[in-house]
Amino acid sequence: MRTEIKSIAPAVLLEEYRRLLQEDPKAEELPLLISGGSMTPFLIGGRDTVFLSRPESPIQRGDILLYQRRGGGYVLHRVYRVTEGSYTMLGDAQTIPEPGIRPDQIIARVARVQRKGKLLQPGDFWWEFFAKVWLRIRPLRKIMHRVYSIITG
């Protein structure tokens with residue numbers, strides 16, 4: 001059997017994902033191979049896949065969301081702070097939070113991930129480590145990122 005890979009412009013794909021999650025009740029988890037480095041060390045661009053779902057339950061600190069910035073770019077980051085009417089987001093590789101993300105900018109929540117070939121979901125050790133511990137050590141991230149890279153190879 002021959003596998004065929006097709007490339008679709010990210011904006012086209014993500015808008016179709018937005019439409020499916022809003023309109024198709026059968027669309028439950030949509031796979032997305034991530035790109036970029038803002039979610040390292042938890043997720044690595046070109047290696048890991050996220051499975052996107054509707055954010056039906058209340059969004060909480062530590063959730064990973066796909067959202068569209070006001071300028072049009074699509075971003076996958078973690079919720080750093082929940083305030084009335086907006087969210088502050090932060091990539092796992094970043095130290096400067098991005099405030100002011102409105103609920104209408106949110107496209108999807110990450111329900112689970114395929115990381116290093118293994119499926120992880122809320123409750124798993126590494127998921128909880130990055131959702132809880134990693135968020136709290138923001139000022140130490142650069143040092144911890146180096147330590148983590150050495151430990152995990």
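Trainee: At what angle do helix α2 and helix α3 pack?
Mentor: Keep in mind that this is a predicted model. In it, α2 (residues 125-136) and α3 (residues 141-152) pack at an angle of about 155 degrees. Their axes are 12 Å apart.

Trainee: So are α2 and α3 roughly parallel or roughly antiparallel?
Mentor: Roughly antiparallel. Angles over 145 degrees count as that, so the pair qualifies.

Trainee: And is the crossing of α2 and α3 left-handed or right-handed?
Mentor: Right-handed.

Trainee: Which residues make the contact?
Mentor: From α2 you have Trp126, Phe130, Trp134 and Leu135. On the α3 side there are Arg141, Met144, His145 and Tyr148. By class, that contact divides into 6 nonpolar, 1 polar and 1 charged.

Trainee: Okay, switching to pockets. What volume does the largest pocket have?
Mentor: About 390 Å³. Its lining has 17 residues, and Leu32, Ile34, Ser35, Tyr74 and Leu76 lie nearest the centre.

Trainee: Which elements give two or more residues to that lining?
Mentor: Those are α1 (10-23), β1 (30-33) and β4 (74-83). The largest share comes from β4, with 4 residues.

Trainee: How many of the residues lining the largest pocket are nonpolar, polar and charged?
Mentor: You get 11 nonpolar, 5 polar and 1 charged.

Trainee: What about the second largest pocket, what's its volume?
Mentor: That one is about 230 Å³. Lys6, Ser7, Ile8, Leu13, Tyr17, Pro31, Leu32 and Leu33 line it. The elements giving two or more residues there are α1 and β1.

Trainee: Which element gives the largest share to the second largest pocket?
Mentor: That's β1, with 3 residues. As for classes, the lining of the second largest pocket splits into 6 nonpolar, 1 polar and 1 charged.

Trainee: Now the backbone. Is the peptide bond from threonine 40 to proline 41 cis or trans?
Mentor: It's cis, with omega near 10 degrees. Most peptide bonds are trans. If you want to find the spot, look for proline 41 in the loop between β1 and β2 (49-53).

Trainee: Next one: is the phi of lysine 116 positive or negative?
Mentor: Positive, about 55 degrees, although lysine 116 is not a glycine. Most residues other than glycine have a negative phi.

Trainee: Where is lysine 116 placed?
Mentor: In the loop between β7 (106-115) and β8 (118-120).

Trainee: Great, I'll go and click through those spots.
Mentor: Start with the helix pair, α2 and α3, where the right-handed crossing is. After that, go to the cis bond from threonine 40 to proline 41.

Terms used:
Residues numbered from 1 in each chain as written. Predicted model: local features only at pLDDT ≥ 70, side-chain atom pairs only at ≥ 80, totals over all residues. Heavy atoms only, no water. 1 Å grid on protein atoms, 1.4 Å probe; cavity = no way out; pocket = protein on both sides within 12 Å on 5 of 7 lines; lining within 4 Å. Points joined across faces, edges and corners; volume = space filled by probe spheres on them. Nonpolar A, V, L, I, M, F, W, Y, C, P; charged D, E, K, R; others polar. Axes fitted to C-alpha atoms, helices over the stretch in contact; angles between N-to-C directions. Parallel < 35°, antiparallel > 145°, perpendicular 65-115°, else oblique. Left-handed = near helix turned anticlockwise from the far one by under 90°. Contact = heavy atoms within 4.5 Å.
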